[in-house]
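Please find below a note on the structure shown here. The points follow in numbered order.

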Amino acid sequence: MPLIIISGLIGSGKSTLSKFFKTKGYYYLNSDKIAKNLIKNDEKIKNRLFKLFGTSIFIGKRIIIKKLRNKLIESKSNKIKIEKILHPIFFKKINQYLKDNKTKKIIIEIPLIETCGNIKYPYKVITVNTFLKFRIERFLKKNSESKALFMKLNNLQKERKFYLNNSDYVLNNNDSIEMLKVKFNKLYRVLYNESLV
């Protein structure tokens, strides 16, 4: 099977769907964890973020992720600047991993669907499509954060229609986890059969 990219708006259920793929033997690349690790440890990224925001996002030599996130949600301009620093190094790392592991079945969670074009290998995009009210509920339950923060993060993403128009498959996730698993199993059979052609 080709690389599977799981995308969707914040709180849609991407991580849950990723876990279902893991049960089928897929290796899961969590882009959020990879990005946070790069931000904390890559000196080039740290130096560029320091030039951009100074000591406001640091404690000593350590970047504080929440402080950087606060800068991110201040403006779309900040978001663009942060992405210009992070994305080239992030996608270089992802593409190198894919090159080194061509025989593995891999899924990667990429929330920003517009960035999928940076992947150099064949892939299929699955968008998890969920009503706003459920996304808010899930975000608040999972993160113990405010609705205001959710809305700020949500407003930095593309519109729902953009996700739907740029996906190979769409899984609606407005019911229980059990129902999502039923839908996943149906989709998995489609993906498996396509890979045999």
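1. Throughout this note, a residue is called buried when its relative accessible area is under 20%, exposed when it is over 50%, and partly exposed in between, with a 1.4 Å probe and protein chains only. Helices (H or I, at least four residues) and strands (E, at least two) are DSSP runs, numbered from the N terminus.

2. The model is predicted: local features need pLDDT of at least 70, side-chain atom pairs count only at pLDDT 80 or more, and totals for chains, interfaces and linings use all residues. Residues are numbered from 1 along each chain as its sequence is written, and side-chain values use heavy atoms, with hydrogens and water left out.

3. Arg 135, Ile 136 and Phe 139 of α6 are buried. These three cover an arc of only 100 degrees around the axis, and therefore sit on the same side of α6; the arc is that of the directions from the helix axis to the C-beta atoms. The face turned away from this buried side carries the exposed residues Lys 133 and Lys 141.

4. Salt bridges come next. Side chains of opposite charge can pair when their charged atoms come close. A salt bridge here is a side-chain nitrogen of Lys or Arg within 4 Å of a carboxyl oxygen of Asp or Glu, and the structure holds seven of them.

5. Which parts of the chain does the pair Lys 66 and Glu 145 tie together? The two side chains meet in a salt bridge at 3.7 Å, N to O. Lys 66 lies in helix α4 (residues 65-72) and Glu 145 in the loop between α6 (132-143) and α7 (147-155), so the bridge ties together parts that are 79 residues apart in sequence. Lys 66 is exposed, at a relative accessible area of 51%, while Glu 145 is partly exposed at 23%.

6. Lys 79 is buried at 10% relative accessibility, and Glu 83 is buried at 18%.

7. Asp 175 pairs with Lys 183, the closest N and O atoms being 3.5 Å apart. Asp 175 is partly exposed at 46% relative accessibility, and Lys 183 is partly exposed at 23%. Elsewhere, salt bridges that share partners join Lys 66, Arg 69 and Glu 145 into one network.

8. Grid points are joined across faces, edges and corners, and a volume is the space filled by probe spheres set on the points.

9. The largest pocket contains about 1,800 Å³ of space. Its lining has 49 residues, and those nearest the centre are Ile 10, Lys 14, Asp 32, Glu 109 and Pro 111. Helix α5 gives the most to this lining, with seven residues. The lining divides into 20 nonpolar, 13 polar and 16 charged residues, where Ala, Val, Leu, Ile, Met, Phe, Trp, Tyr, Cys and Pro count as nonpolar, Asp, Glu, Lys and Arg as charged, and the others, Gly among them, as polar.

10. The second largest pocket has a volume of about 190 Å³. It is lined by 11 residues, with Pro 2, Leu 3, Lys 102, Tyr 121 and Pro 122 nearest its centre. By class, this lining has seven nonpolar residues, one polar and three charged.

11. How many cavities of 30 Å³ or more does a search of the whole structure find? The search finds one, and the largest cavity holds about 60 Å³ of space. Its lining includes Gly 8, Asn 129, Arg 135 and Tyr 163. Strand β6 (123-129) and helix α8 (160-165) are the elements that give two or more residues to the lining, which divides into four nonpolar, five polar and two charged residues.

Terms used. On a 1 Å grid over the protein atoms alone, a cavity is a set of points where a 1.4 Å probe fits but cannot get out, and a pocket is an open set with protein on both sides within 12 Å along at least five of seven lines; lining residues have an atom within 4 Å of a point.
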